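Good morning, everyone, and thank you for making the time. Please have a look at the model on the screen before I go through it.

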Amino acid sequence: MPDHASGHALSPHRQLQFESYEQQQEAATFGMWAFLITEVLFFGGLFAAYTIYRLKYPAAFQKGSLTLDLYLGGFNTAVLIGSSLTMALAVHAAQTSRQKALVIFLAATLLLGSVFLGVKVIEYGDKFHHHHVPGPDFRWRASDRGPAQLYFSLYFAMTGMHALHMVVGVVVLAVLIVMALRRRFGADYFTPIENFGLYWHFVDIVWIFLFPLLYLIGRHG
Amino acid sequence: MQTSHAMAEVPGPAPQALDYLNADYGIRSWLFTIDHKRIAILYLLMITIMFVVGGVFAAAVRLELLTPQGDAFEADTYNKLFTMHGIVMIFFFLIPSIPAVLGNFCLPLMIGARDLAFPRINLLSWYVYMVGAVFGTFAIVAGGVDTGWTFYTPYSTTASQTNVIPAVLAGFIVGFSTILTGLNFIVTVHKMRAPGMTWFRMPLFVWAIYATSLIQMLATPVLAITLLLLVLERGLHIGIFDPALGGDPVLFQHMFWFYSHPAVYIMILPSMGVVSEIVTCFSRKQIFGYTFVAFSSLGIAVIGFLVWGHHLFVSGQSAYAGMLFSLLSFLVAIPSAIKVFNWTATLYKGKISWDTPMLYVFGFIGLFTIGGLTGLFLAALGLDVHLTDTYFVVAHFHYIMVGGAIMGYLGGLHYWWPKITGRLYPEFWAKIAAVNIFIGFNLTFFPQFLLGYLGMPRRYHAYPEEFQVLNVLSTGGAPVLGVGYLLPMVYLIWSMRYGPRASANPWRATGLEWTTPSPPTTHNFEEVPVVTQDAYDYPAMEKKVA
């Protein structure tokens, strides 16, 4: 165990159970990584179900995939990657104590996240309009109604879980922006921003997998 | 310090230092506490209530099985009784039992930390548990649930008319409390150890809790998503587990057991950690094979993830998958056996004393060995076809979960009780209870091995008359076991007020938790200790006394 007793031992941000502020920071970051591992397992269950059913019903999955709007999905992918960039810039701004830049980049991330969710609402509305929502109202012209419904079940479960994580992220972002406006962060205290950044990037990476698996499988060859 | 000066002049009882229990008495000081020791007490309270509730259901099940006819309860009621027994005991008692109570209390003390890394998340996990308990209670009060604790599809999604969704949500929510506890423990072990507390100086209980936390963190999220899909399937008929829509009900079994088999190790590993602590203390010897015992915990955690398919031997899984899962299930016996051999080797030529915690350890070693060996019977593909869904399976997992996990829990509770409460319990009654539990347990569950071997299936409220003698024996054991569990509840509560005060280290045990006063102060250590020795240096301790 490294000696934590030096440096910021008396930092005002240190909680009582820690010997030093560095130890606290390390614990928080380690905890966030551990949390993200649990998230990988959580989404992993969905990806496993997706893999099994896609192998079982490849044709129905391709047909289902073709009904999705590639342009909206592609646009949202670009939006999310852009939000990862602004988030990374926000972390850098916090580390370098640039208060104004921090608020701007956090706000930009929040904006992009909200745009993503807005587009998702349009896409979901489209599914309702075309009766592609699993359940008694599900309509499908081809014979493979059951497998097609499975595709849309997984589509809603996976993108829904992802969107839920986005909503949580947007709420936390709002809190972080308020804290940033009160100048709570700076070179001596940026762990919450850094750890939230890890979360945000994780949610983005999930989408990077979801986009090809859901939108692109009908379009190769 | 004017008060202590004044006290010194007045003859009477010595002034009490402030400890974590008497630091504050208000109800808010408990409900909003972030002290890991107080949160452990909150958990202790809740899981004891849950244990009683689950025990009442078990008693009703045994009552019904006293006679071959289904006369005490309707078949449907009986299905609800064993289901709720399983849900309450597994999700609300066994899984949180040792980690959330003894782990919460002891882990920071044992590694020389002032608290867990995230005290507020620790409190949050208790509240999440409480929300899960509300859902579980609702499912019970609203009329119960009859799917079995495993919620197998398609029965749970299409056929069952009972409160499946509240019960499943209860399991889903309480799972997050498990995840948070496991995550907190892992970060704490990595980042909060006192100077000199290297990984291989950690007490083996900490190793066991660490391995348990890994499982909690990695397996429980899969349960969460599985149960969520189940709720969606039942509520919206999305088809994931519905064969009529192309879904596969066996996928549910795979996903469920991917969590629930490792969950068995969530229940047993902490008990093994407790046994390692107690067996060395009451043999006055260093543990035999420290690194083997430590790594066998990790070994069980890792292999435990690869054996879930042995629950699906007769579910239509491919023969090759069955063979592979059978082999892996045999492999997981190796680290378990390593532990048993090392404990017995620790006993060899030790100065063994027969205090209550040690009685539970002897009980654990014997019963766990029987439970583990019969597990090998079930891992053998051919034999399993005969024994699947019989009372042999019921007896097997009760030997692990009750004979193993609860024995360890009670042993640990007695061992650390003086530290937790600052009081000693009445040794005589404690010994009576331990012996009582051992006899009652074997009387209840050993006949079930025979019943299962003879072919009595589980989960039926009636049975052929030829099985009655063994069932009467089993039902006769249940009240003996019940009295054994009731006794500690009475004398432990009694001891909190009337028991003699405990010294800091009543067992002359090694370990940092015994260097703190009993009960410890709110912040555990005035000065963070510096560790210079390996764990369990009992020979040196003995020399010091001599």
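This is a predicted model: local features need pLDDT of at least 70, side-chain atom pairs count only at pLDDT 80 or more; totals for chains, interfaces and linings use all residues.

The size of an interface is often given as the accessible area lost when the parts come together. Here, the area buried between chain A and chain B is about 2900 Å², and carbon and sulfur atoms give 71% of that area. Chain A brings 35 residues to the contact, while chain B brings 37 residues.

Turning to the polar side of this interface, we find eight residue pairs in polar contact across it, with both residues at pLDDT 80 or more. On the side of chain A that touches chain B, the elements giving two or more residues are α1 (21-56) and α5 (145-181) of chain A, and α1(A) gives the most, with 18 residues. By class, that side of chain A has 22 nonpolar, 10 polar and three charged residues.

How many salt bridges are there between chain A and chain B? The count is two. In one of them B:Arg114 pairs with A:Glu19, with the closest N and O atoms 2.7 Å apart. B:Lys191 also forms a salt bridge with A:Glu26, where the closest N and O atoms are 3.5 Å apart. Because B:Lys191 lies in helix α7 of chain B and A:Glu26 in helix α1 of chain A, this pair joins two chains. A:Glu26 itself counts as partly exposed, at 32% relative accessibility.

Within chain A, A:Glu123 forms a salt bridge with A:Lys120, the closest N and O atoms being 3.1 Å apart. These two residues are three residues apart in helix α4 (residues 99-129) of chain A, and so are separated by about one helical turn; both A:Glu123 and A:Lys120 are buried.

In chain B, the side chains of B:Asp389 and B:Arg458 meet in a salt bridge at 3.9 Å, N to O. This pair links distant parts of the chain, 69 residues apart. B:Asp389 is partly exposed, with a relative accessible area of 44%, whereas B:Arg458 counts as buried at 17%.

Lastly, the two positions. B:Ile238, in the loop between α8 and α9 (249-281) of chain B, is buried, with a relative accessible area of 6%, and its contacts include A:Pro134, A:Leu150 and B:Leu245. B:Thr198, in the loop between α7 (164-191) and α8 (204-236) of chain B, is partly exposed at 39%.

Terms used
Residues are numbered from 1 along each chain as its sequence is written. Chains are lettered from A and ligands numbered from 1 in the order in which they are written. Side-chain values use heavy atoms; hydrogens and water are left out. Helices (H or I, at least four residues) and strands (E, at least two) are DSSP runs, numbered from the N terminus. Buried means under 20% relative accessible area, exposed over 50%, partly exposed in between (1.4 Å probe, protein chains only). Contact means heavy atoms within 4.5 Å. Buried area is the accessible area (1.4 Å probe) that two parts lose on being put together, summed over both. A salt bridge is a side-chain nitrogen of Lys or Arg within 4 Å of a carboxyl oxygen of Asp or Glu. A polar contact is a pair of N or O atoms within 3.5 Å; within protein, one must be able to donate a hydrogen and the other to accept it, and residues adjacent in sequence count only if both atoms are side-chain atoms. Ala, Val, Leu, Ile, Met, Phe, Trp, Tyr, Cys and Pro count as nonpolar, Asp, Glu, Lys and Arg as charged, and the others, Gly among them, as polar. Lists of a residue's contacts leave out its neighbours within four places in sequence.
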